[in-house]
Amino acid sequence: MEPRQLLRNMVRIRCAEEVIADVYRDEQEMRTPVHFSIGQEATAVGVCAALRREDVVYSGHRCHAHYLAKGGDLRAMVAEFYGRESGCASGRGGSVHLTDQEAGFAASSAILGEMISVATGAAWAFAREGAPRVAATFFGDGASEEGVFHESLNFAALHRLPVIFVCENNQYALGSPVDARQPPGTSITGRARGYGIRAEQVDGNDVQAVYEAAHKAALHCREGNGPYFLELDTYRWREHVGPHWDHELGVRPRDEVESWIERCPIRRTTQALRATDPGIEDAVAAWDREFRAEMREAIALAKASPFPRVEDLLSGTYEN
């Protein structure tokens with residue numbers, strides 16, 4: 001994918017999440033927790049740009065960016081935030097349970113690490129069917145400490161499954177930094193390599209580097225060479241859950257947050273394109289206006305949509 005398109009996709013996700021954050025904070029009408037990826041856009045865009053539509057993506061609680069990067073319906077996502085019947089999960093899942101089967105965004109879940117195993121299962125099905133499809137699963141550095149992470153990597157390596165494990169290492173699990181949770185001298189990439197899995201650590205704020213690594217990973221999986229592991233170093237700007245800035249509460253140092261803001265993936269890509277695309281800053285400004293207007297329209301449509309009917313309360317459950 002061309003760098004300009006990668007940049008455009010990141011701007012769309014940034015605009016969507018910033019508008020949602022403002023409306024969530026100011027209007028208090030969305031009855032769902034929201035985990036933002038503001039500052040992490042390059043990981044979602046770079047990986048999903050390397051996948052095909054028939055490939056499937058699974059995510060965790062911080063899933064908006066992955067959903068949109070894989071081609072998920074923005075209006076359906078916003079309606080889901082408002083609990084409306086037109087939402088992508090019919091208003092029953094909220095922001096942490098998004099899905100768009102047509103786009104290949106299979107599912108997301110708030111249970112830490114759950115989708116690592118589900119994506120591994122999907123890849124096992126692809127391998128048994130001989131289908132040239134890939135499953136990718138996004139998770140944070142905190143999920144790498146869960147047992148399901150190790151079980152899934154072991155199983156995927158043993159059966160040479162076409163799954164890309166994408167660890168978005170944003171340096172924190174809630175408010176706990178990596179070095180407070182993991183032994184010194186070790187790394188998440190190193191643990192993946194311990195299972196004999198091809199693994200790579202990448203600057204997660206460099207969208208071109210992420211795209212190239214993910215493209216290589218997808219080809220590796222598609223050719224029957226087994227799983228691939230990507231550790232993408234990045235940083236979320238906002239609090240763990242919610243629209244606010246947690247450095248104001250002393251959760252993270254202000255200078256640390258500001259240093260990562262200086263490494264903004266959108267700003268970096270814009271600067272990198274200046275020499276070959278002199279009009280890129282004007283394009284970014286135009287995209288910003290376009291996508292913020294798109295979000296305002298999606299919010300208005302969501303508010304005008306009906307809530308699920310009480311009669312359909314059990315629709316979709318196992319018994320029904």
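Which backbone oxygen does the side chain of Thr 137 reach? Select Thr 137 to find out. The model on your screen is a predicted one.

**Stop one: Thr 137**

The side chain of Thr 137 reaches the backbone oxygen of Met 115, at 3.4 Å. Now colour strand S3, residues 135–140; Thr 137 sits in this strand. Its relative accessibility is 0%, so Thr 137 counts as buried. Show its surroundings next. Leaving aside neighbours within four places in sequence, Thr 137 touches Tyr 58, Met 115, Ile 116, Ala 119, Val 163, Ile 164, Phe 165 and Val 166.

**Stop two: helices H4 and H11**

Select residues 74–81 for H4 and residues 280–303 for H11. Their axes come within 9 Å and cross at roughly 50 degrees. The two helices are therefore oblique to each other. The crossing of H4 past H11 is right-handed. Display the side chains at the contact. H4 supplies Leu 74, Arg 75, Val 78 and Ala 79. H11 supplies Glu 294, Met 295, Glu 297, Ala 298, Ile 299, Leu 301 and Ala 302. Eight residues of this contact are nonpolar, three are charged and none is polar.

**Stop three: two glutamines in loops**

Go to Gln 28, in the loop between helix H1 (3–27) and helix H2 (41–49). Gln 28 is not a glycine, yet its phi is positive, about 55 degrees. Its relative accessible area is 48%, so Gln 28 is partly exposed.

Finish at Gln 171. Look in the loop between strand S4 (163–169) and strand S5 (172–173). Gln 171 has a positive phi of about 80 degrees, although it is not a glycine. At 22% relative accessibility, Gln 171 is partly exposed.

Notes
Residues numbered from 1 in each chain as written. Predicted model: local features only at pLDDT ≥ 70, side-chain atom pairs only at ≥ 80, totals over all residues. Heavy atoms only, no water. Axes fitted to C-alpha atoms, helices over the stretch in contact; angles between N-to-C directions. Helix = DSSP H or I, 4+ residues; strand = E, 2+ residues; numbered from the N terminus. Parallel < 35°, antiparallel > 145°, perpendicular 65-115°, else oblique. Left-handed = near helix turned anticlockwise from the far one by under 90°. Contact = heavy atoms within 4.5 Å. Nonpolar A, V, L, I, M, F, W, Y, C, P; charged D, E, K, R; others polar. Buried < 20%, exposed > 50% of the residue type's maximum accessible area, 1.4 Å probe, protein only. Polar contact = N/O pair within 3.5 Å; in protein donor to acceptor, adjacent residues only side chain to side chain.
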